[in-house]
Each structure stands twice: as C-alpha cells, then as structure tokens.
Amino acid sequence: MSEAAQPFDIPVFVVVPPRVLLLDVAGPIEVLRKANLEQRTVRFSVTYIGPSATVGSSIGLAVTGVASLPEHLPDKALVVIAGSADAPMENNRPWNEQERDAQAAIVAWLKRAIRPGLRLVSICSGALLAAEAGMLDGRECTTHHGCVEDLARLAPTARIRDNRLYVEDGERLTSAGITAGIDLMLHIVAEAAGHACAVAVARYLVVYVRRGGSDPQLSPWLEGRNHIHPVIHRAQDAVAADPAQNWSVASLARLSGASPRNLSRLFNEQTGMSVTDFINRMRVALAREMLAGSRLDMEAVAMRAGFGSARQLRRAWNRLHDSPPSAARPRSAAGS
C-alpha cells in the first residue's frame, strides 16, 4: 500500500476498570474490528489500558495483557471507559481496597490525561468514573438507568438524559446500559468512516433495529434493516453508500441479482416499504445532515441529496417529518 493510500489512524484507548463489564468492552470494540475490515480509509488502533495488568470481569473471565495508563495520549485519541459490575459472577463480596484504589487511579489519570482535542466515551457505568473526574460537569450525558442517581450526585451540574441510548456533547460521548455502547460506537464509525460502513457493521452484528442517540425514532440509516435477506441488503447497502445517485428499481435489481419485479416484492415483504420509499428516506436523511452541517441553500441541498428540486425535497420530507426542512438548521444558521 502506497503512503498516499495509508488509512487515517484513530488511536483508541480502552480503560479497563476493576470488575469490568465484559460486554462494555467486547460490544463496542467488535464494532471497530469489523469497521477496520469493511473499509480502508480509517483504521481504529485499539489499546487496552488500566491500573492493573490483569482484571477480573463481570462473568468471571480474567482480562489480561492490560497496558499501564499512559502518561500522554496522542492527539485525536478516542478514550473509552468501560463500566463495572457490582456483583460479578460467583463474586458478591463488597469492593475491596485494591479495587477502590484502582478506580481512584483511573479518576486521577483522567484528570491528568484528558485535554481538549481528545474525545472521551463512556459505556454504561463508566460515566461515573468520568463524572468523578469532573469530565461531565455542565455537559449533557447519560448512563445506565440504575446509575442515574449516582451520576447526578457525582456531577450535579450535568444535564442527565435518562431516556437516551447515547448522548454526544462536544468531546464527551456517553451511552446508557451495556449494549447501548454498540449503538454509540456505530455512531462514531458512521462519522469517521461513513454510513455505508456503519450499516455494514450493523448488519454483521444484527442490530438494525437500534435507534439514534437523541432521536426517539429509528435511525433512518438503519430503518428497514430488521431482516436477513441478502438480496435486499445488497440493494440497501448500495443506496446507503450513495443516496444521491440516480437509482431506479431496474438498476438496483441488476446490482442485487434479482428481477425488478422480484426486488419490489421482496422489498415490501422484508422492509415494509417500497424501493422508492427507501431511496427517498436515505435522501431525506442525507439532506438533513447537510442542513444541520452546512450553509448550503435549500436548492443546493436538494440537488446534492439526489432530488430534482427543493420542492421535491420538501414533498419527500413532509411525508416523514412534522416540521419543515428549515427546522433542521442550527438556530444560529437559521437566523443568520
């Protein structure tokens, strides 16, 4: 691979606390492993760190080979704090002094190591360690529903959202209970490597019915994915990778290996929507991102999202949303 083709590296440091909840590590990092295999633009380089080289886990399996907490983190690093289990399998004893010292060491390290430019991600009760380090003061955040009261006590100025799978507030990203860490990591992968990669990883992990972090509705990029039919997934993957392309039932049928009539029938059976409806949902989702993240006018957004005009965009948008497209603009942009 030439130097120009080398992927952009994102260093990921996974903090492994005592009594680590194993799914808090395995779920999110499995997302990154699969993302590395799906594309060559971004590479997530993972290092496991903590105050102890060997840590007991929630299910009784020891986690070994944990590196020491580094004195300095590289720029643009992603720091992931896993949660802990109060009662690991076959171990209901109270926390001992060594375990509490390890937690204190993590908190002290966070205070020293986290600086602007680094993103801090907490999974489940990992938010409590971030809160104790002052990382969530004044921030919107969430955690496992069983830890909300503790989070409020440790970060009294935080704005806790207890009905969200994950919350992103600047460089602080927090997730709710356990498997929500997968949802949050899919969100991170989508930002870094694109929606097509995140969709492919979600399909591999069979988590298509997940929701977005702050959206009470299903994520439009994952909606209609609660099936395992390979023909339909091929068509959906193609549209998700480039919603603005001039897709037709015939072109998607050729790509997916089905006749146009069979593709239309399978699409309705497996997703509950037509091929055209799915394409328009992807284009509306793309338009929404452009409206939120750019100052392009409505006509330019419509064209770049694959619509023939702003009128077509508004018509498709109004079928899915109660508010108009202009409501997706940030307030500062909308008022400028």
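Strand β5 (residues 78-81) is joined by 4 bridges to strand β6 (residues 119-122), and the two run parallel. Between them the chain passes through helix α2 (residues 97-113), in a β-α-β crossover that is right-handed, the path from the first strand over the helix to the second running clockwise when the strands point away from the viewer. The model is a predicted one, in which local features need pLDDT of at least 70 and side-chain atom pairs count only at pLDDT 80 or more, whereas totals for chains, interfaces and linings use all residues. Residues are numbered from 1 along each chain as its sequence is written, and side-chain values use heavy atoms, with hydrogens and water left out. Helices (H or I, at least four residues) and strands (E, at least two) are DSSP runs numbered from the N terminus.

**The sheet**

- The open sheet has 6 strands in the order β2-β1-β5-β6-β10-β9, with mixed pairing, where two strands pair if DSSP finds at least two bridges between them.
- At the edges lie β2 (42-49) and β9 (166-169), each of which pairs on one side only, and from one strand to the next the twist averages 15°.
- On one side of β5, strand β1 (residues 8-15) pairs with β5 in the parallel sense over 4 bridges, and Phe13 has Val79 as its bridge partner in β5.
- Val80 has Val121 as its bridge partner in β6, and Val121 in turn has Leu173 as its bridge partner in β10, a strand (residues 172-175) that runs parallel to β6 and is joined to β6 by 3 bridges.
- In a regular strand the side chains alternate between the two faces of the sheet. Both faces of β5 are covered, with Leu78 and Val80 on one side, Val79 and Ile81 on the other, and all of these buried, that is, under 20% relative accessible area, where over 50% is exposed and values in between are partly exposed (1.4 Å probe, protein chains only).

**Helices around the sheet**

- Helix α1 (residues 22-38) lies across β1 and β2 and runs at about 150° to β2, the axes being lines fitted to C-alpha atoms, for helices over the stretch in contact, with angles from 0 to 180 degrees between N-to-C directions.
- Helix α5 (residues 180-193) packs on the sheet, where it touches β1, β2, β5, β6, β9 and β10, and its direction makes about 145° with that of β10.
- In helix α6 (residues 195-205) the buried residues are Cys197, Ala198, Val199, Ala200, Val201 and Ala202, and their cover includes α1, α5 and α7.
- Just after α6, Val206 takes a positive phi of about 55°.

- Neighbours within four places in sequence aside, Leu252 is in contact with Ala235, Ala238, Val239, Trp247, Leu263, Val275 and Ile279, contact meaning heavy atoms within 4.5 Å.

- Thr142, in the loop between β7 (140-141) and α4 (148-154), is buried with a relative accessible area of 0%.
- The side chain of Thr142 reaches the backbone oxygen of Arg161 at 2.5 Å; beyond four places in sequence, the residues in contact with Thr142 include Ala127, Leu151, Asp162, Tyr166 and Thr174.
- Asn280, in helix α10, counts as buried at 18% relative accessibility, and touches Phe307 and Arg319 when residues up to four places away in sequence are not counted.

**Positive phi in loops**

- Most residues other than glycine have a negative phi.
- Arg19 is not a glycine, yet has a positive phi of about 60°; this residue lies in the loop between β1 and α1 and is buried, with a relative accessible area of 2%.
- Cys124, in the loop between β6 and α3 (126-132), also has a positive phi, near 55°, and counts as buried at 4% relative accessibility.

Definitions and conventions:
A polar contact is a pair of N or O atoms within 3.5 Å; within protein, one must be able to donate a hydrogen and the other to accept it, and residues adjacent in sequence count only if both atoms are side-chain atoms.
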